[in-house]
Amino acid sequence: MAVLLNRESRVVIQGFGAAGQREAHTSRAYGTQVVAGVTPGRGGQEIDGFPIRNTVRQAVDEFGANVSLIFVPAPFAADAIVEAADAGVPVAICITEGIPPLDMVKVKAYLRASGTILIGPNCPGVISPSERARAGIMPPDVYLEGSVGVISRSGTLVYETVDQLTRLGVGQSGSVGVGGDPIIGTSQREALALFEADDETAAVVLIGEIGGTAEQEAADYIRQMSKPVVAFIAGATAPTGRRMGHAGAIIAGKAGTAQAKQTALMNAGATVVQSPSLIGETMQRVLKERGLT
Amino acid sequence: MKLHEYQAKELLARYGVPVPKGRVARTPAEAEAIAKELGGGVVVKAQAHTGGRGKGGGVKLAKNPAEAKAAAAQIIGMQLVTAQTGPQGLRVASVLVEEQVAIDRELYLSVTIDNSAGMPVVIASAAGGMDIEQVAEETPEQIFRQHVHPSTGFMPYQARALAFATGLTGDLMRPATDLIAALVRAFQESDGSLAEINPLAVTKDGKLLAADAKFSVDDNADFRHEPLMALRDTTQEDPREVEARAAGIENYVKLDGNIGCLVNGAGLAMATMDAIKFEGGQPANFLDIGTANSVDAVVTALKIIGADPDVKAVLVNIFGGLARTDIIADGVVAAIREGYVKQPTVVRLAGTNVGEGLRILDESGIDLVRADGFAEAARKAVQATG
């Protein structure tokens, strides 16, 4: 996904604690330019060769940071995202899970008026294998350079899908984990548009889940795509939750079910897979049929 | 976190939502005393986290304090079974004793978050009562919505629009707009995930009252709502789910099958259930260990799964990102050594530190079924149930 992240990208990590440091090392070893960490009050220090600054603005001014990877704990994560946007960072990727939804309501409204693209929160991040660029928490060794884009609400299902593809020798142009939270920065539909515009990408795997209407909105976009899409909806066999009240059902109606989503995606021309273990081979077959290998 | 009806009404009343007079009682004698204080007929309502309480025998009318006492004696201590609770039902520890009100008509009003719009939405309908979802499906034109924009907040004209659309006009308009605005304020200031008044009653003497109320606080905002979180009633939850949460495992749900699952990530956990069913088996639970990166969390999770009498085989399916497979492996080995899991166990590890994770399993000498890829893991788990 070189549109979001490439070898020129200069990554700053907000929240340079244990997880942030570990992922900084993994990304640097992969070949990514991790230029600084931001931990308020620790500015001027250096941790394992990573310079630390007090603010995102300083990391932008001094190191030319243009991607922010956020590990800041949930109560303070909204503040961190807006700080990145306000510092003019064009791409912010938020790993943090458990941000209060009403905080995200405000963040999303703020981002609409800024030029910053937010990926996540509660997501595994973004990777571009051919660019050796990684901003996230995904295990890099399962990736193989190639032309399939992967989009998922779930982090672990990104890894699972990529692993299946790699074992079949089908490489990836990148993956975007859009995040598992109710309110996210970039929708499945928007992520599809990014891959449609990405020259390296020939086809896309879309992994949806039960609940909400995001897959229907994605299906709407698939109709106008030039690239084939293979889709899987997780949770087809999940029991209906012990929900409370009627408001959720009034908004989503029956659109939240796996069947409604599968139908919408099929009608839009996507190839829908019934078992999660068949995603890789189905994509391999679609690439062959379309002469894309 | 769900509130009981009486807690929800107390919360809403603080914001100015009119509610019937009444109080919670934990004994029949208390119910009698409250009925005496209220005078006249009362309604005695089971406090349990479920809808459809009336059909399950959890709501009774009483003409006088003696009848209120008798009704409370029947309800307190009962296992209330409704369409939502499953056959085991929910234990009722208290009742709400309220004045009876003569109702002229019933409306519907709620606030929740509209995920696609990325902001809260207020939903209102003149067709209140039990079957509002059917109304939404069959006659969507009877459902009215107004979004709460974060920059302006909920505006007075939006409250008026909902009041006019649902026929709350004339003398009712002012109380209606005040009530709607109060509900939105309660939702926002308490980090609600749902605030619902159903029915919203227009009484025969022309007043508006929240005849029933549901309120859920978003668990992700618990750090800024300590007093509200103290209202959590864990007796209304599955004890295994309570134990899991105490260990930092947010997502454990008991199911009907016999394959216990420990998975990282909600999506992979759902896909694992899908794969088990695809192979002809049935999961005993949904468990997302998330990034609970400690041996203790893994041991607790396996202890809960292993102690479930329905579980005939255990499937551990981990694709490590932030979660480390070596820590998971240490947890699996510890849980089996401690005797928490006696069922045949299938382990599939992939991702972060997988070399180290597999080495730990190998060197433990414990008899585990190893699987490569999760279709194989699901198949072996189904086979292991016999």
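A salt bridge here is a side-chain nitrogen of Lys or Arg within 4 Å of a carboxyl oxygen of Asp or Glu. Glu160(A) and Arg348(B) make one, with their closest N and O atoms 2.7 Å apart. The model is predicted, so local features need pLDDT of at least 70 and side-chain atom pairs count only at pLDDT 80 or more, while totals for chains, interfaces and linings use all residues. Residues are numbered from 1 along each chain as its sequence is written, chains are lettered from A and ligands numbered from 1 in the order in which they are written, and side-chain values use heavy atoms, with hydrogens and water left out.

**Chain B overall**

- Chain B holds 13 helices and 18 strands. Both are DSSP runs numbered from the N terminus: helices are H or I with at least four residues, strands are E with at least two.
- The C-alpha trace of chain B spans about 75 × 50 × 40 Å along its principal axes.
- Of the 386 residues in chain B, 55% are buried. Buried means under 20% relative accessible area, exposed means over 50%, and partly exposed lies in between (1.4 Å probe, protein chains only).
- Take the contacts in chain B with a separation of 6 or more: 67% of them join residues 24 or more positions apart. Contact means heavy atoms within 4.5 Å.
- Chain B divides into domain 1 (1-19 + 103-235), domain 2 (21-100) and domain 3 (238-384). These bounds come from an automatic or database domain assignment.
- The C-alpha centres of domain 1 of chain B and domain 3 of chain B are 40 Å apart.

**The interface of chain B and chain A**

- Chain B brings 66 residues to the contact, and chain A brings 55 residues.
- The size of an interface is often given as the accessible area lost when the parts come together.
- About 4,700 Å² is buried between chain B and chain A, and carbon and sulfur atoms give 63% of it. Buried area is the accessible area (1.4 Å probe) that two parts lose on being put together, summed over both.
- In chain B, the residues that lose the most area to chain A are Glu133(B), Phe319(B) and Leu322(B). Together they account for 14% of what that side buries.
- The rule finds 4 salt bridges across this interface.
- Between chain B and chain A, 11 residue pairs are in polar contact (both at pLDDT 80 or more). A polar contact is a pair of N or O atoms within 3.5 Å; within protein, one must be able to donate a hydrogen and the other to accept it, and residues adjacent in sequence count only if both atoms are side-chain atoms.
- Helix H9 (residues 266-278) of chain B gives the most to the side that touches chain A, with 9 residues.
- That side of chain B has 30 nonpolar, 20 polar and 16 charged residues. Ala, Val, Leu, Ile, Met, Phe, Trp, Tyr, Cys and Pro count as nonpolar, Asp, Glu, Lys and Arg as charged, and the others, Gly among them, as polar.

**Gln164(A)**

- Gln164(A) lies in helix H5 (residues 155-167) of chain A.
- Gln164(A) counts as buried because its relative accessibility is 11%.
- Leaving out residues up to four places away in sequence, Gln164(A) touches Pro276(A), Ser277(A), Leu278(A), Ile279(A), Gly280(A) and Phe374(B).

**Salt bridges**

- Over all chains, the count comes to 34 salt bridges.
- Arg232(B) and Asp219(B) pair at 2.9 Å, N to O. They link distant parts of the chain, 13 residues apart: Arg232(B) is in the loop between helix H7 (226-229) and helix H8 (239-246) of chain B, and Asp219(B) is in the loop between strand S12 (213-217) and H7 of chain B.
- Arg232(B) is partly exposed at 24% relative accessible area, and Asp219(B) is partly exposed at 32%.
- Arg324(B) and Asp326(B) form a salt bridge, closest N and O atoms 2.9 Å apart. Arg324(B) is partly exposed at 27% relative accessibility, whereas Asp326(B) is buried at 9%.
- Glu356(B) and Arg359(B) form another, closest N and O atoms 2.7 Å apart. About one helical turn separates them, because they are 3 residues apart in helix H12 (residues 354-364) of chain B.
- A salt-bridge network links Glu5(B), Lys9(B), Lys45(B), Arg53(B), Glu98(B) and Asp212(B).
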